[in-house]
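Please walk through this structure with the text below.

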Amino acid sequence: MHDPHGPQAPHHPHDPYVRVRGAREHNLKGVDVNIPRDVLAVFTGVSGSGKSSLAFGTIYAEAQRRYFESVAPYARRLIHQVGAPKVGEITGLPPAVSLQQRRSAPTSRSSVGTVTNLSNSLRMLFSRAGDHPPGAERLDSDSFSPNTAAGACPECHGLGQVHRTSEELLVPDPSLSIRDGAIAAWPGAWQGKNLRDILDTLGYDVDRPWRELPADQRQWILFTDEQPVVTVHPVRDADRIQRPYQGTYMSAHRYVMKTFADSKSATLRAKAERFLAAAPCPACGGSRLRPEALAVTFAGRTIAEFAALPLAELAASLEGRSEAARVLTADLTSRIAPVLELGLGYLSLDRASPTLSAGELQRLRLATQLRSGLFGVVYVLDEPSAGLHPADTEALLTVLARLKAAGNSVFVVEHHLDVVRGADWLVDVGPRAGEHGGQVLHSGPVAQLAAVPESATARFLFDRTPAAVRQLRTPRGQLKVGPVTRHNLRGVTAEFPLGVFTAVTGVSGSGKSTLIGEITEGPTGVGRLVSVDQKPIGRTPRSNLATYTGLFDVVRKVFAATDEARERGFGVGRFSFNVAGGRCETCQGEGFVSVELLFLPSTYAPCPDCAGARYNPETLEVTYRGRNIAQILDLTVEAAADLFADNPAVARSLGTLLDVGLGYLRLGQPATELSGGEAQRIKLASELQRGQRGHTLYLLDEPTTGLHPADVEVLMRQLHGLVDAGNSVVVVEHDMSVVADADWVIDLGPGGGDAGGQIVAAGPPTAVARAEGSATAPYLARALPPV
C-alpha cells in the first residue's frame, strides 16, 4: 500500500506535526493528514463537508479520550461505552482544550461573571477592600455570591425572581365555562374531570361562563390553600355505573406551584411554567443577594450595582483607588482587558449566559483562556468569528496570535475569509457535503490552495472581484417601528421598507437584534410575521429533521400502507419511536441510553438492544422498497429524494431541504446534533414548503453563521426568491457580501453597548458605504464594485 505522505513518521517527541491516519468519523473517508503544531491552522469546507468531524470529532475527541484514560480507571468504562473516535492513529497530539459553541442549556445561575471568573475577583475585592457598615463584621467572599447559602437572598434563594400565577394566566379565555375547560392550568384527562366534579359537588356553577362567576368564587377556585374532601357522585354514563368516591380539591394555583416545584417530568414542568410569570424578588429587588452583602460598598456602589455595569464602564470606574485596593483592582482590570479587546465591553457581569449568542459565549471563554497561562496545548475553536462585525475580526486575530505566541497550537473551524487569510496553515475538507465530502483536499500554507481546482473555498478566497450591482427593488410601503427604548436603544425609530431585502448592520452589541425584536405581528401591510432563528428545533434526541418538518408523518403512512404492515395489523403509530408499540422499550425509542458518571457530564451510548435503531425487531421486519423504517431514517435527504421521487408529499418536503443546501443531513439526525445554522435552514425549508398565502415578513438574525460562502450563495438565492415572490426579508448580518446585495441597509452604532443604540445610516448599500462615522461603511465599500 503506497503512503502518499512518504514513509510513516518516526514516533519521536521532536516531530513537529500532529499526524492523523485513517480518520473515519461521521463522513470522513479514511483521512490521512499532517498539521504542524504551534501554528494557527484553519479548517475550511462547505457546511457538512466533515471539517468539524476532523477537528472536533477526531482530533479533540482523541485528546479528550487520552486525558480520561490517564485520569481514572473507571473512565475507561465510559470510553468503552461511548466509543473512541474512529481513527487509525494520531501521533504528536498535545492535550486539547475545546472552546466549542456549546449547545447545552446553561442554567439561569450561569452568567458572564461566572463564565469568565470575573465574579470571583470582584467578590474578593468587596470582601477585602469594601466599606462595611460600622460595627458589622467583614464578610468573606462567599457571602457576596448568590450561588452560596451564605450570600443568597433567603426569599428567592439567589435566583432574583419569584414565580407567581395570576388569573389571566390560569384562565386565558374567560368566556368558557369550567366544564368547557376555562381553567387551562388544570391537569388533563381524568384528574381534570375529577376537580370539575368536586367543584360541582361543592355547589359551584361549572356551566356558567367564567367571567360571570362572582369574584370571590373565582378567587377561591383558583387560589385557595384549602383542600376539602367531598363525596363525589359521578354523573351516570349509560354504559357503565360509577361508584361514588372521595375526592380532594386542589386549587389551580396550588397544582401549578406543586408541579413546578416537585415534578420530575420536564414536560409537566414546562407546562406548569406557562402559567407562571416571573417577577423581580421583592426582598432583594432582583439583585439575588442577602441584605448584609448589599450593605457593603466599594467606591460608593454595591456589588450588585457593579455587576450591572457594562464591563467597559466597570473597568473605568476602578481606576485611582487606595493602595490597599490597588492590587485587587489591577487583577480585575487585567482580566477585563481581553474581554474589551474582543469587542464585548458592552456586556455586564450579571448578564445571564442563556441570553448570550453562541459567538459571544465562545469569545468570553477565549478571553478567559488568555489569562490561564496554559502552554503546549491545542485550542480547538468552532467559528470564533460568529456574530463578529468585520471591525472586530482584527482583534480576534490578535488574540489568536497571542494564544499561539504563548506556545500553543490553535486549530480553528472557520468560514470567515479574513480569519482564513490570517492563518499559517489551511486544511480544506470537501469537495462537497455529506457523503460527497469527507476528504482532505489540501493541507498546507494558505496560498497553495489556489492550485486545488475542486476546492469550493479557493473560489471565494482568491477571487476578490465584487459582485455586479443588482437593480434595486422599489419598496411598496414602509413599516415604522418605534420609538423603541430597550437595552441600549433610546427612543429609536426605524423604517423598514416592505417588499424588498433589508440588511441591519452594526458592531456587536450595537442593538441590531433588539431592534428587529420589536417588529411585531399585524403591522399594516404585513400578512404574517415569521422569525427564523438559530434556536435548536428540539432539545432532545427525540426530535429530528423528519419529525420537525412533518415528513415523518407521511413516511409512516407509507409504511402502514404496505402489505406486510396490513397483514400484521400495524397502523401508523407502530412506526413512531415516541410511543410504546413499535419502539424498542430498552431505550424507549431514543436509540441511546444515558450513561451517568461521577464528575463527568452524562454521555449517551448506543442502546444495547436495538444498537441505535430505535425500533423493536418485529417493526423492523416491515420494509418499503427493500428498506425498513430505521434504514429510511438513516438515509440522507439526497438519497431519500431519489427513493421517494414518486411520492409528491415527501418529494416536496425533501425538495425544499435540498434547496436550502441540507441534502447531506440524515432524516433521523437528532436535533441535538444540528448546528444553529442547520436548525435555521430547516425552519426556513419548513416555511418554503408551506406555499404562499399573502404577504409575509421574514426576520432572520445572522442567517449566514456557520455557513461556507458557497452555502451563503444558496441561502441568498432562496431569500431573494422569497422577496421576488412578493414578501419582505429583514436580516441582521455581518457578512458584507450579503449586505452589498441588499436593497436597503440600516446601520446601527456607532459602537456597542452604551456607545451604540442609534441609527447611524440608512439607505441603499452604495449610500451607506459612504456614510460618515459608520464602522460598517469602509468594509461595505470593499464589497461593492468601485463607483
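Helix α27 gives the largest share of the lining of the second largest pocket, five residues. The model is a predicted one, in which local features need pLDDT of at least 70, side-chain atom pairs count only at pLDDT 80 or more, and totals for chains, interfaces and linings use all residues. Residues are numbered from 1 along each chain as its sequence is written, and side-chain values use heavy atoms, with hydrogens and water left out.

The volume of the second largest pocket is about 1,400 Å³. Lining it are 43 residues, of which L417, D735, M736, S737 and A783 are the closest to its centre. The elements that give two or more residues to this lining are α16 (417–421), α17 (456–462), α27 (709–724), α28 (736–740) and α30 (777–783). By residue type, the lining divides into 20 nonpolar, nine polar and 14 charged. In this division Ala, Val, Leu, Ile, Met, Phe, Trp, Tyr, Cys and Pro are nonpolar, Asp, Glu, Lys and Arg are charged, and the others, Gly among them, are polar. Rolling a probe the size of a water molecule over the atoms shows where empty space is left. A pocket is found on a 1 Å grid over the protein atoms alone, as an open set of points where a 1.4 Å probe fits, with protein on both sides within 12 Å along at least five of seven lines; lining residues have an atom within 4 Å of a point. Grid points are joined across faces, edges and corners, and the volume is the space filled by probe spheres set on the points.

Is strand β14 mostly buried or exposed? Six of the six residues of β14 (residues 425–430) are buried, so the strand is largely enclosed by the rest of the structure. Buried means under 20% relative accessible area, exposed over 50%, and partly exposed in between, with a 1.4 Å probe and protein chains only. On one side of β14 lie W425, V427 and V429, on the other L426, D428 and G430, and both faces are covered. Strand β3 (residues 40–44) pairs with β14 in the parallel sense over four bridges, with T44 opposite D428. Strand β15 (residues 439–444) pairs with β14 in the antiparallel sense over five bridges, and there Q439 is the bridge partner of G430. Two strands count as paired if DSSP finds at least two bridges between them.

Strand β24 (residues 744–749) is also mostly covered, with five of its six residues buried. Four bridges join β24 to strand β18 (residues 501–505), and the two run parallel. Five bridges join β24 to strand β25 (residues 758–763), and these run antiparallel. Residue I746 of β24 is the bridge partner of V504, and I746 also stands opposite A762 in β25.

A residue elsewhere has another setting. A278 is in strand β9 (residues 277–280) and is partly exposed, at 44% relative accessibility. From C-alpha to C-alpha, A278 and D424 are 50 Å apart in space, and they are 146 residues apart in sequence.

The structure holds 15 aromatic pairs. Rings of Phe, Tyr and Trp (its six-membered ring) pair if their centres lie within 6.5 Å; planes under 30 degrees apart count as stacked, over 60 as edge-to-face and the rest as tilted. The rings of F559 and Y624 are tilted, because their planes stand at 55°, with the centres 6.1 Å apart. This pair links distant parts of the chain, 65 residues apart: F559 in helix α20 (residues 551–560) and Y624 in the loop between α22 (617–620) and α23 (629–633). F559 is buried at a relative accessible area of 0%, and Y624 is buried at 14%. F577 and Y615 form an edge-to-face pair, 6.3 Å centre to centre with 75° between the planes. Both F577 and Y615 are buried. Ring pairs also link F559, F570, F575, Y624 and F644 into a cluster.

Last are the cysteines. With a disulfide taken as a pair of cysteine sulfur atoms within 2.5 Å, the count comes to zero. C584 is in no disulfide, as the nearest cysteine sulfur, that of C587, is 3.8 Å away. C584 is buried, with a relative accessible area of 5%. The sulfur of C607 is 3.8 Å from the closest cysteine sulfur, in C610, which is too far for a bond. C607 is also buried, at 2% relative accessibility.
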